Amino acid sequence: MEQRQDKTPLSEAVLEQVTDLLRRNALAEEFVRRPDLPRQGLVEGLIHKLHLVELQKKLDALHPADVAYILEALPLDQRLIVWDLVKAERDGEILLEVSDAVRETLIEHMDGEELVAATENLDTDEIADLAPDLPREVIQDVFKSLSPEEREQLRAAMSYPEGTVGALMDFDMISIRDDITIEVVLRYLRRLDEMPDHTDQLFVVDRSGQLKGLLQVNRLLVTDPETVVTAVMQTELTPFRPGEKAHDAAQAFERYDLVSAAVVDEGGRLIGRMTVNTVMDYIREETDSDMLSAGGLRGEEDLFASVWKSVKNRWTWLAVNLVTAFIASRVIGLFEGSISKLVALAALMPIVAGISGNSGNQTITMIVRALAVGQITAVNARKLFAKEIGVSVLNGLIWGGVVGLFAFLIYHNWQLGLVMTGAMVLSLLLAAVMGVVIPLTLQKLGRDPALGASVMITAITDSGGFFIFLGLATIFLV
């Protein structure tokens, strides 16, 4: 992706300016269409064009990522106006930056020739990122426009599954032979128009292309030109295989503070590299996906998508939530007699369910994060489970005691206070158990541990909390 250089940083003020220009443009366009004011209509028509020219200048001064931000923040009709004003040579860069949902609306607005032209200034790995969203006939035309070497690279990039190192690797890199001198390396670099983005090191290979080491750029600049590369290269390597999980590679980048890293095939031959900007994009997308999954959304949603699309994206977990709500209502229905005899139960039971639900969500958040960074193993899972049980018991005794005391002070019934304390302890135990079990089970089944986790834990703690509290109250009070 293009590196940010000499670009105007986006702020809320810039977004407001763009929105204001679109509003004034809409007003001028409305005047142009009025047949009763012909002379004024000409003036407004000129103003209308001036607004568009000013808007286009403002867009040209922005980085592609900033234009993408604006597009995502606009309703569909205004989004398409802005998109039409973007210079054609920047289309590909901006399509890479926008969210998948917004990209879909922009691509629907473009014809085949525009889509092919949008890929002309992109690297093969970037074209591979766009390929899943492009029509088949467009992909065929893109292949025809590439050189044989670029076609092979594109086929390789598209062959790797999403979420693997191969799907994220970059083919734009600098490799040098291990038997040459630093002077030869410097002469070679001077012949280049520019170095690839995020080039902090050169990859050292032998005659067969096998990775032998790394030559840091800062070391290159301070070494005697007559020195052979093998004498100064770094031999401790952390290369990745294209089939490895991108998640594991992202953790390695964070752990070792990497800027770039080599990607090698099974034979150890250098085939590409990963860069920190790609890893950062992947981490952001994964974080967004986890947030959406935890909230019960099936996928990324365009903020200004049609009502029907938004409904389809949200209905699954709403349906699940509705079923669990019916279950919770039936649990309460089982104890209608107890509630009618002791009305205080109706006022107190939401407290138990609410506190246990919050505790369960805290546990799930911690477990999902630990799974994401690979900190939970088969060895320490039991200790973690025991620790969460201990935390829930202590929290239950402390906060159950507080709630029980308030219940006694309000209703002057010490038995009710004890029931509240006991119900709080048992409900928090249930929340702790399910907070650990749900994400671990989802991961064992090969699913996203965050997928609907908050919806499930809330459903279980609601029904379970009502049952525990009303059950204890029925046994000891009614």
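User: In which sense, parallel or antiparallel, do strand 2 and strand 3 pair?

Analyst: This is a predicted model. Strand 3 covers residues 211-216, and the bridge partner of Val205 in strand 3 is Leu211. The two strands form a hairpin with 5 residues between them, where Gly209 takes a positive phi near 90°. Over 5 bridges, the sense of pairing between strand 2 and strand 3 is antiparallel.

User: What is the handedness of the β-α-β crossover from strand 1 to strand 2?

Analyst: Strand 1 (residues 175-177) pairs with strand 2 in the parallel sense over 3 bridges, and Ile176 stands opposite Val204. Between the two strands the chain passes through helix 12 (residues 182-190), and the crossover is right-handed.

User: How many of the 5 residues of strand 2 are buried?

Analyst: One side of strand 2 carries Gln201, Phe203 and Val205, the other Leu202 and Val204, and both faces are covered. Strand 2 (residues 201-205) is largely enclosed by the rest of the structure, because the number of its residues that are buried is 5 of the 5.

User: Is Asp257, with its positive phi, buried or exposed?

Analyst: Most residues other than glycine have a negative phi. Asp257 is not a glycine, yet has a positive phi of about 55°. Asp257 is found in the loop between helix 15 (246-256) and strand 4 (260-264). Its relative accessibility is 65% and the cut-off is over 50%, so Asp257 counts as exposed.

User: Where does His412 lie?

Analyst: His412 also is not a glycine and has a positive phi of about 55°. With a relative accessible area of 66%, His412 is exposed. Its place is the loop between helix 20 (381-411) and helix 21 (414-444).

User: How many residues apart in sequence are the parts tied together by Phe240 and Phe253?

Analyst: A search of the whole structure finds 2 aromatic pairs. Phe240 and Phe253 form a stacked pair, 6.2 Å centre to centre with 15° between the planes. Phe240 is buried at 6% relative accessibility, and Phe253 is buried at 4%. Phe240 lies in the loop between helix 14 (229-232) and helix 15 and Phe253 in helix 15, so the parts tied together are 13 residues apart.

User: Is the pair of Phe335 and Phe467 stacked or edge-to-face?

Analyst: Phe335 is in the loop between helix 17 (307-334) and helix 18 (336-341), and Phe467 is in helix 22 (residues 453-476), 132 residues apart. Phe335 is buried at 11% relative accessible area, whereas Phe467 is partly exposed at 46%. The ring centres are 5.9 Å apart and the planes stand at 70°, so the pair is edge-to-face.

Notes. Residues are numbered from 1 along each chain as its sequence is written. This is a predicted model: local features need pLDDT of at least 70, side-chain atom pairs count only at pLDDT 80 or more; totals for chains, interfaces and linings use all residues. Side-chain values use heavy atoms; hydrogens and water are left out. Buried means under 20% relative accessible area, exposed over 50%, partly exposed in between (1.4 Å probe, protein chains only). Helices (H or I, at least four residues) and strands (E, at least two) are DSSP runs, numbered from the N terminus. Two strands pair if DSSP finds at least two bridges between them. A crossover is right-handed if, with the strands pointing away from the viewer, the path from the first strand over the helix to the second runs clockwise. Rings of Phe, Tyr and Trp (its six-membered ring) pair if their centres lie within 6.5 Å; planes under 30 degrees apart count as stacked, over 60 as edge-to-face and the rest as tilted.
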